[in-house]
Structure formats: C-alpha cells, structure tokens
Number of protein chains: 2
Amino acid sequence: MKRFKLVVAYDGTDYSGWQVQPSAKTIEGVLNEELSKLTGEQIVVMGASRTDAGVHAFGNVAVFDSETPIPGEKLLFALNPRLPEDIRIVESEEVAEDFHPRFCDTRKTYEYHICTGRVLFPTKRLYSHWTPRHLDVQAMREAGKFLEGEHDFKSFCAAGAQVKTTVRTVTKVEVEECSSGESVGQEIVIRIQGEGFLYNMVRIISGTLMKAGYHMWPPEHMKEIMEGRDRSLAGETVPANGLFLKEIEYL
Amino acid sequence: MKRFKLVVAYDGTDYSGWQVQPSAKTIEGVLNEELSKLTGEQIVVMGASRTDAGVHAFGNVAVFDSETPIPGEKLLFALNPRLPEDIRIVESEEVAEDFHPRFCDTRKTYEYHICTGRVLFPTKRLYSHWTPRHLDVQAMREAGKFLEGEHDFKSFCAAGAQVKTTVRTVTKVEVEECSSGESVGQEIVIRIQGEGFLYNMVRIISGTLMKAGYHMWPPEHMKEIMEGRDRSLAGETVPANGLFLKEIEYL
C-alpha cells in the first residue's frame, strides 16, 4: 500500500465545506468519490484542514492510501479531468507511509480579502468581504503586531469550541493594500501565518483588525482583548467568502 | 424629462450578454426591469457597448430618460439594493438631454486576462482564460506595438460583421505580467485602449498576441496579418470569460 499527498485548490462558494456530510456537497466527498472511481478502490482521504462552508483554498492538503499503479506525480493529471472546475489538484506525490497531514509540525498561511468603497465590484463578490468604510491599513498593521508570537488566543476562538489549549503561535500578521484597479475603494489582504489555528480564529482576528482599521479601537487594545481571554471582547467573525487557505508547509 | 447616465459593473458569467433578448437573462433586461419598478415608468436604457455573453465589465455605460425626482448622484444608492449581486451601479449622474452613450467620441479600455501553468486555480476560472503553456510577455508587447495607431483591422474583425469601415484607431496595447501568488504559472493582462472596436476585435487580437507569446509567430508578423485584411490570417477568438470592458471615457 502506498500513501499519496495531494495539494488541493478550490472555490468554496458552492460547497458545504471540506468535511463529508450526509446529503451535502463537500470537497472531501467529491475527492473520495472521484479517487474511488479512478483507482477502483474505496478511497477516504484525510484532510489537513477542515475548512468551513464557503471558504476557499489555494493549497489544502489531502492524503490517501492506494494500490494504484499511477505514479504520484502523475496523479494530478489523471484526477483533474474528472473533477469539477471548482476543485483542482495543484500538486501530487507519493509520501512516506506514516505521513499524516494533521499530526505533523506545519506552518499554515491564511489570507483574508476585503474590498472597501461605495460598491463591491461584482467580479470580486465571491472572493472578498466588503465594507463601505475606509480602513486605515497602518493601524491594522500595528494592531496585528500584538498577535505575533506565542499567546493564549482564547478571545479569538469561536465560543464553545472543544480544545485542550487555546495557546497558539502566530508567526506573522501582514496587512497589504493592493490596487488592481478593479475596485472603487481599497483592496486589502490580511495574511496570517501560524503553527495551528483555533476554530474561526482567522475570521475573528480579521474582524478585530477591521475595528482597528476603522479607528474604533487603538492598535494596542489588541493586548487587552488577548489578556481578557473572552470571545466577546474581540470583533465579529467576518464572512467565509473572504477567507483563503493559502498554503500548508510541512516542517 | 431628464437624462441619466449610469456606469455599470457586472459579472457576465450568468448572462446572455448585454442586449435584451426574448427568454434570456441579459444585463440590459435586468436594468430595464428594475429601473421601471424604481421609477414607476417604462424605462428602456441605451447601452454604450453591447457586450457578448460571458463578458464582464467594470464600467459599461447606460443612459435613460425619466421624470424621477431622485437626484442623479443618488440613483446608484436607490438602484443597487434592487439589483442582483452580479450587477452594480458604480456611478450615476444627470447628463445633458442630448447625451448619447454611443454617438459620442469615446475612448474604451478593455482587458483580457490569461493564466498559464499546469492548472487553472478554481477561483480564477470565471475571470480568466487559461493555457498550460508559458507566454513570452516581451514578445507579446512587441507584437502589440504593431497594432497601435490608425489601421485597417479587418483581419481582427469577426467574419461576416456588417460595418461601413474596418479602419479603427488603437491608442494603446499593454501586456502586463502580474503576480498575485494565486497561480502556479503567470497571470497576464492584455490592456487595449482605442476609439471604437470591431466585433470580437479584442478577443481576436488577444488570441493573436498569444501566438506571438508562444513564439509561433515573430512579433513583426502582426504587420502582415494586418495588411492581409483577412480574418483567417489572425489567431483564434479567445473565450469571453477572460474579457473585461474596463472603462469608457467620453472625450
């Protein structure tokens, strides 16, 4: 039995998230079905990140075991023509039999995309959160700095999530202002890199950085939010459609 | 009676183009219906450019006459909440009674978006043409230079189009390579500005510039194509989903 690793990109718009659910279309469900047809075996993939409904990915990771004679690096060419256009295998390779996509040291990078201005351009609407109000990117950057390092992120974890510890390490928070000319306002990308994330953490951090961007809170208020260890102190959970799982690096 | 001008952005994916057609969803059809409901009058807009099925716009222009008491600059706020998310009014204003969106001197800017690489990222698929092969952007730029100025563009006009003259002025052809990190290959934008365009002209020019980018033709071959005045000499008409009507300037 061989183990294969797939790097998977998808447009989450039409999916009920990654994880298989009865009578709902999911990324994992489609992969299981098409890999089973391709190999003639009953395939169940293990995903690195169970992204929520509507979240997009450039590089989620799925692993599965198979006896298929198709060489690892050719798998993507065999699988892509069978997949719907909103799921694509970007890379494929054979890995060690004990490689596990979740129980490994990883560094994940997420992006949260925001457009500002009086209207949201229609061709941005599926892939960007929108606010009519201007965001002070410099204030967001300063606020983001308080999150870097090892901290207790309990205030940035969806209430009720079952986890042993809410301590996580965020290695980088960047806030970038792009200008593609495809917007009447700003196009902002919040990029957060870390070793493990709590449930909804990136969306809650993004909602909180937006409050700093509106000057509702000074950047240093992030420290108080973090020390309070209380979800209600942070900003809102911003919508799924602006969130992209960009990359998972195995360290 | 007052005349109003709207700058209209849309995602053309789900539309049979701009122009009203029986039993097909069109941009013009939706605007007529919602403007009629908003004003209580029978509104029929005049569009500046009748974009094809699947083509997107950041700034098409529509004009209509109405007795509405809504001030021109407020119209967008009244109309946008009634429109589907894939159509947005970006600007609105009252204009002179004899302003006509087509019979004016205008400069139009189109963009054609291309991704290269072994896969097309799912979140790019609705807004970009894809080719697995690398494109030499410098060769495309050199080829594009031969199109600037006043020329007979008969070779770049869909066969059978009824026009008095195929002479047009192209003021600028730019080929830009972007890197958003959302692609395994290149992200290329062809930007073409001109005073009037022939049917399918931007899509045929883009398909022809791609041949130069593949090194199938040397850049200077553009001159021969143009002088031949024959559609069959140029490259293919590339798909609608990569095309954006970016801006219409009234001179």
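Buried area is the accessible area, taken with a 1.4 Å probe, that two parts lose on being put together, summed over both. In this predicted model, chain A and chain B bury about 2300 Å² between them, and 66% of that area lies on carbon and sulfur atoms. The contact involves 30 residues of chain A and 30 residues of chain B.

Four residue pairs are in polar contact between chain A and chain B. On chain A, strand E1 (2-10), strand E3 (56-66), strand E4 (87-95) and strand E10 (243-250) each supply at least two residues of the side that touches chain B. The largest share of this side, five residues, comes from E4(A). By class, the side of chain A that touches chain B comprises 15 nonpolar, six polar and nine charged residues.

Over all chains, 32 salt bridges are found. One of them joins two chains, because A:Arg125 lies in the loop between strand E5 (106-116) and strand E6 (129-131) of chain A, while B:Asp11 lies in the loop between E1 and helix H1 (27-39) of chain B. The N to O distance in this salt bridge is 2.9 Å. A:Arg125 counts as buried at 15% relative accessibility, and B:Asp11 counts as buried at 2%. Across the interface of chain A and chain B there are two salt bridges.

Within chain A, a salt bridge links A:Glu227 and A:Lys223, whose closest N and O atoms are 3.7 Å apart. Both residues belong to helix H5 (residues 221-228) of chain A and are four residues apart, about one turn of the helix. A:Glu227 is exposed, with a relative accessible area of 57%, whereas A:Lys223 is partly exposed at 43%.

In chain B, the closest N and O atoms of the salt bridge between B:Arg191 and B:Glu176 are 2.9 Å apart. This pair links distant parts of the chain, with B:Arg191 in strand E9 and B:Glu176 in strand E8, 15 residues apart. B:Arg191 counts as buried at 18% relative accessibility, and B:Glu176 as partly exposed at 35%.

Helix H3 (residues 137-145) of chain B has B:Val137, B:Ala139, B:Met140, B:Ala143 and B:Gly144 buried. These residues lie on the same side of H3(B), because they cover an arc of only 160° around the axis. The buried residues of H3(B) pack against strand E8 (167-178), strand E9 (187-195), helix H4 (201-213) and helix H5 (221-228) of chain B. At the start of H3(B), a side-chain oxygen of B:Asp136 comes to within 3.0 Å of the backbone nitrogen of B:Gln138.

How values were computed: Residues numbered from 1 in each chain as written. Chains lettered and ligands numbered in written order. Predicted model: local features only at pLDDT ≥ 70, side-chain atom pairs only at ≥ 80, totals over all residues. Heavy atoms only, no water. Contact = heavy atoms within 4.5 Å. Salt bridge = Lys/Arg side-chain N within 4 Å of Asp/Glu carboxyl O. Polar contact = N/O pair within 3.5 Å; in protein donor to acceptor, adjacent residues only side chain to side chain. Nonpolar A, V, L, I, M, F, W, Y, C, P; charged D, E, K, R; others polar. Buried < 20%, exposed > 50% of the residue type's maximum accessible area, 1.4 Å probe, protein only. Arc of directions from axis to C-beta.
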